[in-house]
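Let's take a walk through a protein chain together. Have a look at the sequence and the fold below, then read on.

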Amino acid sequence: MRTPPEGYAWSRFGQPEYTDWLDESMSWKDACYIGDWSFLWQHRITGPDALTMLGDITVNTLANFALGQSKHAIHTNQDGKVIHEGILTRFGDEEFMLHGRGGFWVRNYLGTTDYDVKVERDDWFILQVSGPNSVKLLEKVSGSSNLRETKFMWVNSLKIADHELYALRQGMAGEIGFELQGPMAAKQDVYDAILEAGQEFGIRKLGARATMINHLEACFPTIATDYIPAIFDEDMKSYREFFTSSMPSFAQPAYIAGSYDGAEISDYYRSPVELGWARNINFDHDFLGREALEAEKAAPRRVMRTLVWNGNDVADVFASMFRPGEHYPFMDMPRDQRGFMWADKVTAGDDLVGIATSRGYSYYYRQMLSLCTVDVAHSEPGTQVTVHWGEPGGPQKAIRATVAAAPYKPDRRRADLHQA
């Protein structure tokens, strides 16, 4: 898994840059952006037993799951480690749409049961429009008069460029935002209409280089970047083969880099608690991994935080490229583009106390940041730790870092739309 992948993982978001990544990374703070997440897999789940089946393999409560509501659905293995996660929306009494890798896990689980359920691949576009001006822009381009009534994590109906589509209010940038969803054939018409209408609102096209910085600032841990999917144990062999058969032939489920050298692949697994998703776990139903998560949620060992890296120490990593002899591994800007889980060990004294991931430069804050699963005893904001930048067996730079809250940027996703 330490063999670099071919190409750049984030190219699936579009061009690397449209204006430039510095400008684009400001878009969700001072205006708005349009970004393309249409590469995500979609599965439509239907049938009288669909809700019951989904409950078997989802840590979230599905009680009172209303039509038009969406959830960040999380699926774990028997040890409570995350297999997949994604957005699950209920469109009918017996109809659900699941975005992300989780649909493959649902299909696999269904094959072991006799539930009256059908799971089918679908092909939707997903366009994110996010930032303080996003609601004004979407009102203009759609002519909608009720968009501001949309509750957080609920869908509303819109018509753009003569196409009927859904608008999910979520906000992956930690700001007011909508995810527009509909049949792939309508994507370009919708995209072009939003871009044209957005000029007066300062819209930017979000390029691949800047895209994942909003995940970092707003603390949205990402599969294969902040955790390895828990599919590499022996009891998951058949599923792993089923899942990887759906990927491009040159790809694999995850790549690893960084100074942390786990003894087992399971050392790179994470639970919902470690990723900051403990609030999603509900024990009102039985589900795979429940026993392990009950114990962990009651007494967590590690939690999610942001680390602020010392600027002078970071600068020395770049300076080493201009000195004779060995240098530290290149620190891509604003962050790694290859799609690694770049996991760096975090220490306090001689003790390993955490693992840093998603290292990236925030132009808004003018700081190098990372996410970090850190021991509870060292999780208080302001705690001083050390991140080790490098590879096992190679030069490593000890970088001073300060523990901070996660998300690092204030969360404005639930702001009053009537005041936007």
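Start with the disulfides: the count comes to zero, where a disulfide is a pair of cysteine sulfur atoms within 2.5 Å. Take Cys372, which is in no disulfide; its nearest cysteine sulfur belongs to Cys219 and sits 11 Å away.

A quick word on where this comes from. This is a predicted model, in which local features need pLDDT of at least 70 and side-chain atom pairs count only at pLDDT 80 or more, while totals for chains, interfaces and linings use all residues. Residues are numbered from 1 along each chain as its sequence is written, and side-chain values use heavy atoms, with hydrogens and water left out.

Now, buried or exposed? Buried means under 20% relative accessible area, exposed means over 50%, and partly exposed is in between (1.4 Å probe, protein chains only).

| Residue | Relative accessible area |
|---|---|
| Cys32 | 0% |
| Cys372 | 0% |
| His72 | 18% |

Zooming out, 57% of the chain's 420 residues count as buried. Along its principal axes, the C-alpha trace spans about 60 × 55 × 40 Å.

The chain has ten helices and 19 strands. These are DSSP runs numbered from the N terminus: helices are H or I with at least four residues, strands are E with at least two.

Which helix residues hide from the surface? In helix 7 (residues 208-217), ten of the ten residues are buried, so this helix is largely enclosed by the rest of the structure. Among them are Ala208, Arg209, His215 and Glu217. The buried residues of helix 7 pack against helix 1 (21-24), helix 2 (27-30), strand 1 (32-36), strand 16 (351-362) and strand 17 (367-375). After helix 7 comes Cys219, with a positive phi near 60°.

Finally, back to His72, which lies in strand 3 (residues 70-76). What does His72 touch? Leaving out residues up to four places away in sequence, His72 touches Asn60, Glu85, Gly86, Ile87, Met153, Trp277 and Asn280. His72 and Val119 are 47 residues apart in sequence, and their C-alpha atoms are 19 Å apart in space.

How values were computed
Contact means heavy atoms within 4.5 Å.
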